[in-house]
Amino acid sequence: MMAPRLASEKRPVKKAAKSTAPSRHLLTSAELPKVWVEALFDEARRFKTAEKAGHPWSEDLKGQHVGLLFFEPSTRTRASFHIAAKRLGADPVTVEIAFSSVQKGESLEDTVMTMEAMGCHFLIIRHGEALSGQRAARVAKKAHIINAGDGSHEHPTQALLDTFTVLERRGSLAGGTVLFLGDILFSRVARSNIELLKTLGVKNVIVSGPPSLMPSEEELESWGISYVPELNKALAQADVVHVLRVQLERHGQKMPMTPGSYREAWGLTEERLVKFCKKDVLIFHPGPMNVGVEIDREVADGPHSCVLDQVANGVFIRMAILKRLHQAC
Amino acid sequence: MAQGPLLQIVGGKVIDPAAQTEYEADILIQNGKIARVDKRWLKPSVTLPGTEVFHVHGAAVAPALWDIHVHLREPGQEHKETMATGAQAAVRGGVGRMFVMPNTEPAIDNEETYKLVEAQGKAQEKLVDIEIIAAVTKGREGAEPTDLYRLRKLGAAAFSDDGAPVKDAQILRAALDETSAMDSLVIDHCEEGSMIRGGAIHEGRVSRSLGVPGIPRESEAVSVFRDIQVLKNSRGRLHLAHLSTKEAVELVRKAKKNGLAKRLTCEVCPHHFALTEEAVRDMGPLAKVNPPLRTEDDVKALHEAIIDGTVDAIASDHAPHSDWEKNQGLLAAPFGMIGLETMLPVTITYLVRPGIISLLTAIELLTTGPARIMNRPAPKIEPGEPADFVIFYPDRETTFRSFASKSRNSPFLGRSLYGSVLATLHRGQMVYRNESL
């Protein structure tokens with residue numbers, strides 16, 4: 001099978017970290033080298049092809065334990081990693097944080113060391129604080145740490161599955177415009193996706209949404225992206241629209257806009273889709289969705305939607321991540 | 001279209017701040033609009049047959065004033081003022097468009113109240129345009145934001161918790177951001193609540209000699225400083241209401257110089273540039289207003305800020321209260337004074353006649369300045385524009401013995417002021433005419 005055609009523009013390597021592959025951990029999109037991502041997508045594609053062909057799952061991770069440390073609620077990511085681990089022959093171990101020693105004041109570091117001491121080879125961590133993956137990586141002696149979402153900071157595996165799905169549907173991202181719509185300020189999905197798209201050479205990334213949910217101009221500039229305040233204009237340019245959930249739980253206070261007003265002002269409604277979007281636009285949403293707020297049901301379930309593809313591809317991407325990290329050392 | 005009757009204003013001196021000119025001219029009005037502005041008719045004035053002629057020799061003819069800071073008490077405190085009495089006060093003061101604050105009871109923080117106030121306002125549209133400023137937070141309590149989008153869609157011109165500042169700085173920032181996407185703005189009342197502590201008048205010489213708790217000048221500066229910092233990191237436009245201190249205008253001046261000129265505006269009120277804390281000695285609660293009347297130094301600083309353009313507009317902060325409420329004594333009486341009817345005369349008496357600013361600048365601060373703050377086209381004296389005018393004698397005195405307002409809590413009650421309003425025109429109709437002039 002052909003490798004995905006990624007944008008071929010050569011760009012200078014910005015950070016020293018990018019020149020070295022994440023040999024053991026996957027903590028951030030920003031540090032992923034392009035070649036590593038391309039190889040990962042090849043691997044995911046092989047898994048997907050094998051599934052379609054009805055081949056039995058590999059036993060690449062047989063005898064390995066994959067610890068799922070979810071300090072925040074999650075359906076998709078947790079189940080996706082669980083299934084990915086199982087398909088590779090590993091044993092997933094879920095720690096129910098609500099019933100864990102974390103409730104007695106145990107620190108993240110202590111939990112990581114405890115799980116590793118029990119023999120976990122992988123620790124998948126979802127946490128409400130930014131850089132919690134880095135904290136875990138500092139104390140893990142051998143285990144692979146995978147960031148499954150740290151606060152509003154990063155969600156690299158989501159970015160990988162999103163980008164993989166875009167490439168699968170579109171073939172190439174070169175020259176296309178990717179729009180992130182909604183709560184950018186509190187979105188780890190947007191941050192990770194934007195970093196990954198930059199690594200893959202995508203130049204036209206724009207954001208739109210309520211001004212109060214936008215990072216400062218300075219921050220957007222540092223990301224190399226621009227804010228398009230008129231939603232309809234933003235939609236008209238976009239080949240791919242990532243609709244983001246309004247992360248009310250992270251705001252610390254209520255928005256000066258009700259859900260009904262949000263939909264009217266910033267929601268991807270069917271009317272807007274028909275009236276302003278390109279005919280072949282692709283619609284993404286990382287879930288969970290506030291249906292009828294940031295996205296209409298008709299759009300989420302409609303022919304442009306890639307939402308279920310995202311979910312399905314998530315398993316293959318996470319299988320590929322586990323396998324490649326395992327192979328790395 | 002049927003042609004309405006013609007009205008010709010003859011012999012006045014046109015003050016047109018939008019064009020930055022003053023000239024003698026006759027104005028022909030038809031169907032509510034300016035039909036002609038003609039300097040050629042002057043010597044001698046030519047009148048057209050079938051035309052009603054209004055001779056205004058010696059008077060100034062300016063665009064009707066915009067007052068962007070008015071408290072009408074409907075709903076909730078109709079014993080102080082209603083939309084109807086407020087409209088009467090406005091036209092008597094030459095005001096053609098006023099923006100009413102949301103500190104009614106209940107506050108204008110939801111669709112239902114908004115529509116109620118809007119309907120009451122529309123009932124006065126033959127006299128004056130009334131626009132609504134909606135609350136930033138529910139009940140103006142500072143905790144929970146209102147649905148700014150919905151209120152803006154209904155027509156809210158701007159947002160403010162006036163009477164109190166937007167207490168939560170994060171809500172202020174979110175409101176600034178959101179209103180930026182709706183071509184609107186936030187108006188803030190600058191006062192650090194924790195420094196007030198029951199203060200009734202300015203903390204200074206008078207408060208100390210009367211033994212009345214004072215409101216420190218810092219309470220305003222602290223709040224202005226906070227607001228400017230918040231504005232810097234937002235995308236919105238902020239208007240600071242009724243500034244009263246030297247420190248506050250200095251902060252605004254610096255902020256404007258440092259890149260915020262397009263997003264930061266401020267207003268001052270006639271009583272703050274005309275009176276000092278000393279007025280409290282003579283007039284007691286009639287001179288109790290929030291922010292309080294300050295010192296001579298502050299008055300001077302306001303004058304300087306008006307001269308150098310730091311101040312964008314003059315607004316009345318018309319705040320009616322009944323006699324019995326104001327008669328409760330300095331501590332118990334509510335803050336506020338009426339101002340719609342005296343805004344122009346006080347400006348002329350205390351700024352124009354002493355030579356601090358020209359009459360053209362004064363009218364600019366009362367018309368195009370407020371329009372710019374609200375991001376509206378400036379009222380112009382040109383054919384095709386609405387015939388909304390204030391016609392007044394800049395050099396004639398009037399003693400204010402009564403008011404059209406339902407309340408009379410004015411420190412200018414019984415005082416003579418220059419700048420007598422002869423007439424006010426709204427869409428070509430004479431909605432006020434002073435028969436004694």
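This is a predicted model: local features need pLDDT of at least 70, side-chain atom pairs count only at pLDDT 80 or more; totals for chains, interfaces and linings use all residues.
Start in chain A with strand β8, residues 240–243. Both of its faces are covered. Val240(A) and His242(A) are buried on one side. Val241(A) and Val243(A) are buried on the other. The strand also has partners. β5(A), residues 177–181, pairs with β8(A) in the parallel sense over four bridges. β9(A), residues 282–284, pairs with β8(A) in the parallel sense too, over three bridges. His242(A) takes part in both pairings: it is the bridge partner of Phe180(A), and it stands opposite Phe284(A) in β9(A).

Now move to chain B. Asn290(B) sits in the loop between α9 (279–283) and α10 (296–307). Its relative accessible area is 14%. The cut-off for buried is under 20%, so Asn290(B) counts as buried. Its side chain makes a polar contact of 2.8 Å with the side chain of Glu191(B).

Leu422(B) belongs to strand β17, residues 416–426 of chain B. This leucine is buried, at 2% relative accessible area. Val390(B) is 32 residues away in sequence, yet the C-alpha atoms of Leu422(B) and Val390(B) are 7.8 Å apart. Beyond four places in sequence, the contacts of Leu422(B) include Phe54(B), Val56(B), Phe392(B), Tyr393(B) and Leu437(B).

Tyr393(B) has a charged neighbour as well. Arg396(B) lies over the face of Tyr393(B), 3.8 Å from the ring centre. Elsewhere in chain B, Lys39(B) lies over the face of Tyr23(B), at 4.2 Å from the ring centre.

Next come rings against rings. Over all chains, the structure holds four aromatic pairs. One of them joins Tyr350(B) and Phe412(B), with ring centres 6.4 Å apart. Their planes meet at 55 degrees, so this pair is tilted. Tyr350(B) lies in helix α12 (residues 343–352), and Phe412(B) in the loop between β16 (389–399) and β17, so the pair ties together parts 62 residues apart in sequence. Phe412(B) is buried, with a relative accessible area of 2%.

Phe400(B) and Phe403(B) form another pair. Their ring centres are 5.8 Å apart. Their planes lie at 20 degrees, so the pair is stacked.

Note on methods. Residues are numbered from 1 along each chain as its sequence is written. Chains are lettered from A and ligands numbered from 1 in the order in which they are written. Side-chain values use heavy atoms; hydrogens and water are left out. Buried means under 20% relative accessible area, exposed over 50%, partly exposed in between (1.4 Å probe, protein chains only). Helices (H or I, at least four residues) and strands (E, at least two) are DSSP runs, numbered from the N terminus. Two strands pair if DSSP finds at least two bridges between them. A polar contact is a pair of N or O atoms within 3.5 Å; within protein, one must be able to donate a hydrogen and the other to accept it, and residues adjacent in sequence count only if both atoms are side-chain atoms. Contact means heavy atoms within 4.5 Å. Rings of Phe, Tyr and Trp (its six-membered ring) pair if their centres lie within 6.5 Å; planes under 30 degrees apart count as stacked, over 60 as edge-to-face and the rest as tilted. A charge sits over a ring if NZ of Lys or CZ of Arg is within 6 Å of the ring centre and within 35 degrees of the ring normal.
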